[in-house]
Amino acid sequence: MIPGDGIGPELMLHVKEVFRHACVPVDFEEVRVGSEAPEADVQNAITAIRRNGVALKGNIETNHNLPPNHKSRNNLIRTSLDLYANVIHCQSLPGVETRHRDIDILIVRENTEGEYSSLEHESVAGVVESLKIITAGRSRRIAHYAFGLARAAARRSVTAVHKANIMKLGDGLFLQCCQEVAAEYPEITFRSMIVDNTTMQLVSRPQQFDVMVMPNLYGNIVNNVCAGLVGGPGLVPGANYGHDYAVFETATRNTGKSIANRNIANPTATLLAACMMLDHLRLHSHASSIRQAVLASLD
Amino acid sequence: GLRTGTGSDSSAEGTFQVTMLPGDGVGPELMHAVKEVFKAGNVPVTFDEHHLSEVQNTASEEKLDRVVDSMKESKVALIGKIHTPMEYKGDLASYDMRLRRKLDLFANVVHVKSLPGYQTRHNNLDLVIIREQTEGEYSSLEHESVKGVIECLKIITRAKSQRIAKFAFDYATKKGRAKVTAVHKANIMKLGDGLFLQCCKEVAELYPKIKFDTMIIDNCCMQLVQNPYQFDVLVMPNLYGNIVDNLAAGLVGGAGVVPGESYSAEYAVFELVRRGSPRGTVPNLPVRAGILGGLEYHSNMVSDAVKKVIKGGKVRTRDLGGYSTTSDFVKSVIDNLHPHYGA
């Protein structure tokens with residue numbers, strides 16, 4: 001358990017309390033990593049996750065006033081453990097008033113490369129180059145994950161989101177890989193859509209989307225748009241899956257500094273993330289009962 | 001500038017020349033619509049048409065130069081959509097982008113305003129999105145370093161960041177807006193977006209009367225969905241601008257009702273159709289071209305007519321949920337021009 005900053009610590013307390021009442025057979029090993037923690041602390045956390053295989057996490061604040069060699073701790077954890085798939089499930093929840101109804105979208109986001117490569121340099125004073133990396137290997141891997149998930153969840157279509165008209169080689173490669181993988185799942189309809197149109201479609205008619213797959217940055221944006229559609233950052237849980245490890249957190253990864261310690265943060269997202277973790281640990285009955293309790297409280 | 005035109009309908013002292021690029025898709029129809037409405041309203045504008053299209057294969061370096069020459073005279077252009085084909089034909093930069101770079105149209109302004117009479121999930125929205133559109137992720141600098149590994153370069157420079165920030169604050173000052181929000185992802189792209197943010201902060205200090213704040217792009221998108229009313233003027237690098245433009249357009253009814261304008265130090269280009277949108281209708285924008293040339297009277301006249309038709313609710317194009325054709329709408333606008341001003 002990595003409480004993180006802001007509202008993280010208090011939400012983790014709530015999870016522990018709910019688990020205690022539900023007699024969930026899970027022991028938490030707590031590891032503290034603050035925003036200014038030295039790299040050694042982050043390495044400890046990573047090793048702890050390697051030990052346990054599974055983690056529940058709050059967001060660690062990234063102070064952008066610190067020098068650039070101080071990388072985002074959250075990103076470091078994701079890339080070191082190769083948690084390549086970020087999955088969020090955006091669903092209209094009963095009892096939550098929103099402008100749109102009947103939303104049920106699974107978003108699969110490549111979590112380790114793309115614009116989050118942290119490869120930047122100032123070639124000449126006042127000129128910065130930031131590298132966005134797209135590889136065939138990782139694009140195919142995330143595409144397989146998305147289609148596999150769609151098949152397992154009996155979903156009908158997968159939409160790849162990209163900007164290949166502008167980033168012809170980069171996003172072009174991503175799109176091509178998705179197309180190749182799609183051919184191996186003939187029962188699933190494959191579509192593609194440019195990211196700007198996607199955001200417009202999401203706010204006008206989100207019901208058209210089923211499973212979506214995309215590179216890192218677009219995933220970040222689409223996750224947030226969808227979370228907003230179903231009621232906000234306090235409601236949607238997220239999961240980061242790798243080959244060997246899984247880390248669960250809220251979908252939109254907010255620190256919630258401004259509402260911390262005031263007993264107003266919505267614990268739904270974190271509690272539902274804990275349920276996703278329980279499912280992953282095959283503690284399905286516990287996961288279901290807690291989930292039902294959460295949804296009932298929302299109604 | 002002011003130029004005597006050879007057009008047949010010049011009722012004023014001189015007519016204004018406006019460069020016109022119909023482009024692809026619905027562009028030509030919309031251009032036709034604009035010409036019809038302007039003719040009916042006796043607007044003293046002549047159009048210098050150029051057909052530049054990548055998908056129709058009428059694009060070339062010479063064509064591009066001719067458009068630029070035309071712009072040097074007219075200073076103002078009306079543009080449809082120059083569709084960028086998806087296939088990689090050997091040139092990473094599209095003609096759309098190259099035109100923008102040649103004219104150095106660094107600022108794209110989208111004024112997102114709810115249309116009176118057209119109910120959407122968000123009403124009374126009034127925000128302005130200012131986007132740097134010559135660098136960032138659209139630098140067209142990509143290469144395959146090793147087979148299966150692509151590097152795309154996103155470029156952020158101090159000079160262009162300062163320039164767009166200054167544009168945003170000047171715009172806010174001129175239009176009496178209260179707040180400018182810089183949108184970025186400096187927690188991840190520390191050097192690049194960090195530099196952009198830094199430049200915005202520096203420029204903000206020169207405009208003490210305007211409130212300045214910052215927001216990360218993902219949170220910004222979520223806020224736009226949940227509570228767009230908190231925003232006033234937004235400024236951001238290229239890609240985020242593209243995304244936010246489209247998101248905001250979706251909030252007020254789609255691409256067809258949100259026009260865009262692009263500015264350089266010398267030129268202004270008015271877009272008929274939002275870039276990236278699949279279809280558009282007759283927007284209330286072509287009118288704004290008139291304002292630049294000092295044709296305020298005509299622009300108000302046409303603008304009022306368009307707004308009246310939309311408010312009336314009887315003639316609605318497909319994207320607004322109705323069944324009218326583009327020409328029905330145009331005819332309705334023309335009809336509304338006359339009774340009011342007795343032309």
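# Cavity, pocket and loops in a predicted model

Me: Which helix and strands each supply at least two residues of the lining of the largest cavity?
Reply: In this predicted model, strand S5 (127-135) of chain A, strand S8 (149-157) of chain B and helix H7 (238-252) of chain B each supply at least two residues of that lining.

Me: And how much space lies in there?
Reply: The largest cavity holds about 90 Å³ of space, and its lining consists of 13 residues, of which A:Glu115, A:Lys132, B:Glu137, B:Lys154 and B:Met189 are the closest to its centre.

Me: How does that lining split by class?
Reply: It has 8 nonpolar residues, 4 charged residues and 1 polar residue.

Me: How many cavities of 30 Å³ or more are there?
Reply: The count comes to 6 cavities of 30 Å³ or more.

Me: Why does A:Asp171 count as buried?
Reply: A:Asp171 counts as buried because its relative accessibility is 0%, whereas buried means anything under 20%.

Me: Now the open side of things. How much space lies in the largest pocket, and which residues lie nearest its centre?
Reply: About 1200 Å³ of space lies in the largest pocket, and among the 46 residues that line this pocket, A:Arg253, A:Asn254, A:Thr255, A:Gly256 and B:Asn219 lie nearest its centre.

Me: Which element gives the largest share of that lining?
Reply: The largest share comes from H6(B), with 5 residues. Helix H6 (217-226) and strand S10 (211-216) of chain B each supply at least two lining residues, and on the chain A side so do helix H1 (8-21), helix H3 (73-80), strand S10 (246-250) and helix H8 (268-280). By class, the pocket lining divides into 23 polar, 13 nonpolar and 10 charged residues.

Me: What about chain B overall, how many helices and strands?
Reply: Chain B has 10 helices and 13 strands, and 62% of its 343 residues are buried. Of the contacts in chain B between residues at least 6 apart in sequence, 73% join residues at least 24 apart. The chain exposes about 13700 Å², and 51% of that is supplied by carbon and sulfur atoms.

Me: Is helix H5 of chain B mostly covered or mostly uncovered?
Reply: H5(B) is mostly covered, with 10 of its 13 residues buried; among them are B:Asp193, B:Leu195, B:Phe196, B:Cys199, B:Cys200 and B:Val203. From first C-alpha to last, helix H5 (residues 192-204) of chain B reaches 19 Å, close to the 18 Å expected at 1.5 Å a residue.

Me: Switching to backbone angles: what is phi of B:Asp104?
Reply: Phi of B:Asp104 is near 50 degrees, a positive value in a residue other than glycine. Most residues other than glycine have a negative phi. B:Asp104 is found in the loop between helix H3 (95-102) and strand S5 (107-113) of chain B, and counts as partly exposed because its relative accessibility is 29%.

Me: And B:Ser140, where does that lie, and is it buried or exposed?
Reply: B:Ser140 lies in the loop between strand S6 (126-132) and strand S7 (142-146) of chain B, and it is buried, with a relative accessible area of 13%. Although B:Ser140 is not a glycine, it has a positive phi of about 55 degrees.

Note on methods: Residues are numbered from 1 along each chain as its sequence is written. Chains are lettered from A and ligands numbered from 1 in the order in which they are written. This is a predicted model: local features need pLDDT of at least 70, side-chain atom pairs count only at pLDDT 80 or more; totals for chains, interfaces and linings use all residues. Side-chain values use heavy atoms; hydrogens and water are left out. Helices (H or I, at least four residues) and strands (E, at least two) are DSSP runs, numbered from the N terminus. Buried means under 20% relative accessible area, exposed over 50%, partly exposed in between (1.4 Å probe, protein chains only). Contact means heavy atoms within 4.5 Å. Accessible areas come from the Shrake-Rupley method with a 1.4 Å probe; for residues, only the protein chains shown count as cover. On a 1 Å grid over the protein atoms alone, a cavity is a set of points where a 1.4 Å probe fits but cannot get out, and a pocket is an open set with protein on both sides within 12 Å along at least five of seven lines; lining residues have an atom within 4 Å of a point. Grid points are joined across faces, edges and corners, and a volume is the space filled by probe spheres set on the points. Ala, Val, Leu, Ile, Met, Phe, Trp, Tyr, Cys and Pro count as nonpolar, Asp, Glu, Lys and Arg as charged, and the others, Gly among them, as polar. The expected span of a helix is 1.5 Å times one less than its number of residues.
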